[in-house]
Structures are given as C-alpha cells and as structure tokens.
Amino acid sequence: MPVKLTLHPAQGPTRFAVVREGDSLVIGRDPDCGLEADDSRVSRRHAQLRWNGQHWVLDDLESKNGTSHNGEPACAREVRDGDEISLGGLRATVARITEEQAAALADESTAHAESAERMRSRLQDAVAPADLLQCFLQAAMELTRTQRGFVVTVGPDGKLSAEAAAGLSPEAVQDERFQGSVGAVRQALEKGGPVVLADVCSDPRLGKRPSVVSLGIASLACVPIRRGATVVGVIYVDSRKPGPALSELELETLEDMAHHVGAILALSPEAGPAARPASRNPLVAQLQQRIEELLPAM
C-alpha cells in the first residue's frame with residue numbers, strides 16, 4: 001500500500017510525495033531528492049523513507065539537525081499511518097493511502113495544470129491593467145478559497161499603489177487591525193518571495209501581532225508579481241475561516257498566474273500606477289490612503 005509523506009512548513013504550502021512498496025524516498029534540500037524541503041534546518045540529504053520488505057522504516061542520513069520519529073531519534077524505526085516526523089524541526093506526517101487515492105492525487109496535479117491554463121486565458125481577456133488586476137484577484141481568491149484580498153503595485157520609488165480590492169469593507173480597511181495585512185505585504189517584499197501561512201498564529205512574526213490575532217485571520221497568502229527579476233506588485237488574500245492549507249500545486253498555480261500578470265503588464269502601454277486611478281473605486285481609494293498611513297510606522 002502506498003504512503004504519502006507530507007511536509008508542513010510554517011511559512012509556505014504543504015508539499016508531499018507518494019511512495020509505493022519496493023521504492024524509497026530521500027528528503028532534503030537538494031533538488032535531486034525525491035521530496036525537496038526548502039528549509040535551512042534541513043540537510044541537503046536529510047532522511048530516507050524506505051520499504052524493507054515488510055514495512056516502512058525511516059533513517060536519518062547523518063543530517064546536521066537530526067531526524068525524529070514520534071519524538072524519538074529515527075533509526076530504522078517502523079513508520080505507521082499517522083506518525084509524526086521532525087526533520088531538524090520541520091514537521092512532516094505519514095499517511096497510508098490506497099492506489100485509488102494515489103491515482104486521485106495524480107489526477108489533481110493534472111487538474112491544476114488545466115486550471116492554470118484556464119485562468120491564464122481569463123487574464124488574457126482583460127483589456128485594461130485595472131481590469132486585469134481585478135480579474136487576477138478574483139481568480140486568486142477562487143484558487144485559494146479565500147474571502148478577501150487586494151493588489152498593490154510597486155513604483156520605481158518603492159511606493160505602493162492600491163489597484164484592486166475584493167471582500168473588504170471600508171470599516172475593515174480603516175480598522176487599526178488592518179496593519180497586520182499590510183505587514184504580510186511588507187514581509188513578502190522584504191524576502192522577495194511568497195508568504196503563505198495556513199495557521200497565522202503559529203508564525204513567529206505575524207502571529208504575535210495583536211492586529212493579526214484580533215482580526216481573526218486563519219490563513220493568508222501573499223505573492224509578488226514580477227516583471228522579469230523586478231517585483232512590480234503584490235497580491236494579498238486571506239481567510240477568516242479555517243480550511244485546508246494551501247498546497248504546493250495551488251501555490252505554483254498562483255505564482256504562475258502572478259508571473260503571467262507581470263508579463264502582460266510589461267507589454268501594456270498603460271502599465272504605470274497613475275494610469276489606473278483609484279478614484280474609480282472608493283474602496284481602492286480608501287485602501288491607498290490606509291497603506292500610506294501605515295507604511296511610515298512599519
């Protein structure tokens with residue numbers, strides 16, 4: 001019976017691999033590993049899950065920070081359904097699945113690829129940058145099962161300009177707790193990569209912000225929009241309803257969409273923020289004002 005090994009990073013989407021009896025799986029930071037773990041605590045070749053002819057066992061591959069299995073050092077211990085693994089501090093779980101479930105996971109990967117293509121087609125139909133960004137936001141919320149979000153662009157001077165918003169009320173934008181959302185945008189800009197949190201309260205930075213906790217945000221995703229190597233914007237979405245964590249496939253689709261949007265903006269003669277007046281949408285105008293108020297304090 002196959003097993004599914006899932007990594008649960010504190011920041012980032014879940015990542016998994018399916019292994020069948022007779023095979024083995026090496027986990028580590030090396031891209032050649034069967035399951036790549038993008039975590040500095042994980043060694044390049046950290047641990048191995050293998051079939052010994054009777055059951056699954058876990059071995060540490062002389063990793064720097066060690067591997068534990070249900071709280072005990074990993075040393076050819078039998079791995080069972082529901083077991084907890086720590087790879088130098090990175091949490092992982094093991095689940096036995098059926099062949100039918102393994103096939104369903106493969107079908108899901110295909111479905112996400114088809115979904116990404118459909119979303120690219122939807123974005124291509126937007127004729128103006130403002131319509132493109134609003135369409136991108138709606139598609140991203142649909143993909144991530146979130147209820148609220150906004151898009152900002154980054155000018156040559158580093159100034160953020162609000163371009164699109166959905167699911168937010170004027171009261172929510174003006175509330176002092178909104179600074180938690182802007183804080184996530186800043187974090188994504190600082191790291192130059194996505195910020196994805198399935199459990200916001202567990203994050204050492206955002207989870208301690210009273211603005212985030214009191215707002216009741218259960219999960220959020222914040223992804224840069226790039227034009228080549230330059231970050232030209234950020235999309236932010238969040239949910240106050242607990243739900244399934246954003247998967248690696250969903251994040252890849254969201255990043256692919258963001259890259260596609262950046263490429264379209266690069267070809268648009270109206271790509272500058274000034275060409276998309278926020279005054280057309282009162283909520284976006286309020287969002288712009290709020291961002292300007294919050295950034296000096298961050």
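How many bridges join S5 to S6, and in which sense do the two strands run? Five bridges join them, and the strands run antiparallel, where two strands count as paired if DSSP finds at least two bridges between them. The coordinates behind this report are a predicted model, in which local features need pLDDT of at least 70 and side-chain atom pairs count only at pLDDT 80 or more, whereas totals for chains, interfaces and linings use all residues. Residues are numbered from 1 along each chain as its sequence is written, and side-chain values use heavy atoms, with hydrogens and water left out.

## Overall composition

The secondary structure of the protein comes to seven helices and 16 strands; helices (H or I, at least four residues) and strands (E, at least two) are DSSP runs, numbered from the N terminus. Of the 298 residues, 47% count as buried, a class defined by a relative accessible area under 20%, with exposed meaning over 50% and partly exposed lying in between (1.4 Å probe, protein chains only). The protein exposes about 14,100 Å², of which carbon and sulfur atoms supply 49%; these areas come from the Shrake-Rupley method with a 1.4 Å probe, and for residues only the protein chains shown count as cover. Among the contacts (heavy atoms within 4.5 Å) with a separation of 6 or more, 54% are between residues 24 or more positions apart.

Four of the five residues of strand S6 (residues 56–60) are buried, so the strand is largely enclosed by the rest of the structure. With S5, strand S6 forms a hairpin that has four residues between the two strands, and Gly 53 in the turn has a positive phi of about 100°. Within this pairing, Arg 50 stands opposite Val 57 in S6. Strand S6 also pairs with strand S9 (residues 75–79), in the antiparallel sense and over four bridges, and here the bridge partner of Leu 58 is Arg 77 in S9. As background, in a regular strand the side chains alternate between the two faces of the sheet.

His 69, which lies in strand S7 (residues 67–69), is in contact with both Leu 58 and Arg 77, and its other contacts beyond four places in sequence include Glu 78, Val 79 and Ile 85. His 69 is buried, with a relative accessible area of 1%. Its side chain makes a polar contact with the side chain of Asp 83 at 2.7 Å; such a contact is a pair of N or O atoms within 3.5 Å in which, within protein, one atom must be able to donate a hydrogen and the other to accept it, and residues adjacent in sequence count only if both atoms are side-chain atoms.

## Salt bridges

The structure holds 11 salt bridges, each being a side-chain nitrogen of Lys or Arg within 4 Å of a carboxyl oxygen of Asp or Glu. Side chains of opposite charge can pair when their charged atoms come close. Three of these bridges are set out below.

| Asp 30 | Arg 44 | 3.3 Å |

Asp 30 is buried at 16% relative accessible area, whereas Arg 44 is partly exposed at 46%. Glu 78 is partly exposed, with 32%, and Arg 80 counts as exposed at 52%.

Helix H2 is mostly covered, with 12 of its 16 residues buried, among them Leu 132, Cys 135, Phe 136 and Met 141. Just after H2, Arg 145 takes a positive phi of about 60°.

Leu 265, placed in helix H6 (residues 248–267), is buried at 3% relative accessibility. Leu 265 and Leu 132 are 133 residues apart in sequence, yet their C-alpha atoms are 8.8 Å apart in space.
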